[in-house]
Amino acid sequence: MKNRKSGEERKISKATLARMPLYLHYLQEENSKGAKYISSTVIAQNISVSSVLVRKDLAFVSSESGRPRLGFSIARLIVDIEKFLGYDNLSEAIVVGAGGLGRAFLGYEGFKGNGLKIVAAFDVNEALIGTSVAGKRILALSSLKSFVAKHKIKIGIITVPKHAAQDVLNLLVDAGVKAVWNFAPAPLRVPKDIVLKNEDLAASLAILAGKLYKTDGRNE
């Protein structure tokens, strides 16, 4: 991703990009408390990074350089980070797989604050097709391509079993989706122009359990 505030051809690192929502969430909390300005040192202490890194990160997304003895304008940083992340433009997304996880996505409204609106789910289960969750319909998988074209959907979320994940991804790509958030525990092949983010819940749980085991072991 290129720096939006200049014509430089620098690209933002994945680590920097991953920190942006952390900055945004913290700044929003401070803004809700009535704070107007904040220093890079205070941000760093709450995000657990160095103040130098904070300044470098924020320089990618904002021309706000901070005022002497005051720091950065919180309101300005919030606007700039939201714009950088695309949160100021609500993107519509669909879920493929209306099992427990898929239905949880349909019912969760918190994504709107991050610029994402889930509008429908698709499944092959006849018992689910035609039903709704939080006012969002579960449709037949066969209607996915026409729905994506009609509503200009660019983001697809995969919550199907492992064996069906690649076929679903291919269907999404063929329909015109440009970004895929995959929760199926499967290595997927995607064209170079498609953005793919994999979430391995089992691996995350294993890491959590492993760290817990080590912590308990130290306390014995």
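Student: Let's start with Tyr-108. Is that residue buried, exposed or partly exposed?
Tutor: Tyr-108 is partly exposed, because its relative accessible area is 46%. Keep in mind that this is a predicted model.

Student: Which ring does Tyr-108 pair with, and in what geometry?
Tutor: Its partner is Phe-111. The two ring centres are 4.8 Å apart and the planes meet at 90°, so the pair is edge-to-face.

Student: And Phe-111, buried or exposed?
Tutor: Phe-111 is buried, because its relative accessibility is 14% and the cut-off for buried is under 20%.

Student: How many aromatic pairs are there in the whole structure?
Tutor: A search of the whole structure gives seven. One of them is Phe-105 with Trp-181, a tilted pair with 5.8 Å from centre to centre and 55° between the planes.

Student: Where do Phe-105 and Trp-181 sit?
Tutor: Phe-105 is in helix α5 (residues 100-107) and Trp-181 is in strand β8 (residues 179-182). Those parts are 76 residues apart in sequence, so the pair ties them together.

Student: How accessible are Phe-105 and Trp-181?
Tutor: Phe-105 counts as buried at 7% relative accessibility, whereas Trp-181 is partly exposed at 24%.

Student: Which residues make up the cluster that ring pairs link together?
Tutor: The cluster consists of Phe-105, Tyr-108, Phe-111, Trp-181 and Phe-183.

Student: OK, new topic: pockets. What's the volume of the largest pocket?
Tutor: About 1,400 Å³.

Student: How many residues line the largest pocket, and which lie nearest its centre?
Tutor: There are 27 lining residues, and Leu-17, Leu-85, Tyr-87, Val-195 and Lys-197 lie nearest the centre.

Student: Which elements give two or more residues to that lining?
Tutor: Those are α1 (14-32), α4 (74-85), β8 and β9 (195-198). The largest share is from α1, with four residues.

Student: One last residue. Where is Ser-62?
Tutor: Ser-62 is in the loop that runs between α3 (51-61) and β2 (72-73).

Student: Is Ser-62 buried or exposed there?
Tutor: Ser-62 counts as buried, because its relative accessibility is 4%.

Student: Which side chain does Ser-62 make a polar contact with?
Tutor: The side chain of Asp-80, in a polar contact of 2.6 Å.

Conventions: Residues are numbered from 1 along each chain as its sequence is written. This is a predicted model: local features need pLDDT of at least 70, side-chain atom pairs count only at pLDDT 80 or more; totals for chains, interfaces and linings use all residues. Side-chain values use heavy atoms; hydrogens and water are left out. Buried means under 20% relative accessible area, exposed over 50%, partly exposed in between (1.4 Å probe, protein chains only). A polar contact is a pair of N or O atoms within 3.5 Å; within protein, one must be able to donate a hydrogen and the other to accept it, and residues adjacent in sequence count only if both atoms are side-chain atoms. Rings of Phe, Tyr and Trp (its six-membered ring) pair if their centres lie within 6.5 Å; planes under 30 degrees apart count as stacked, over 60 as edge-to-face and the rest as tilted. On a 1 Å grid over the protein atoms alone, a cavity is a set of points where a 1.4 Å probe fits but cannot get out, and a pocket is an open set with protein on both sides within 12 Å along at least five of seven lines; lining residues have an atom within 4 Å of a point. Grid points are joined across faces, edges and corners, and a volume is the space filled by probe spheres set on the points.
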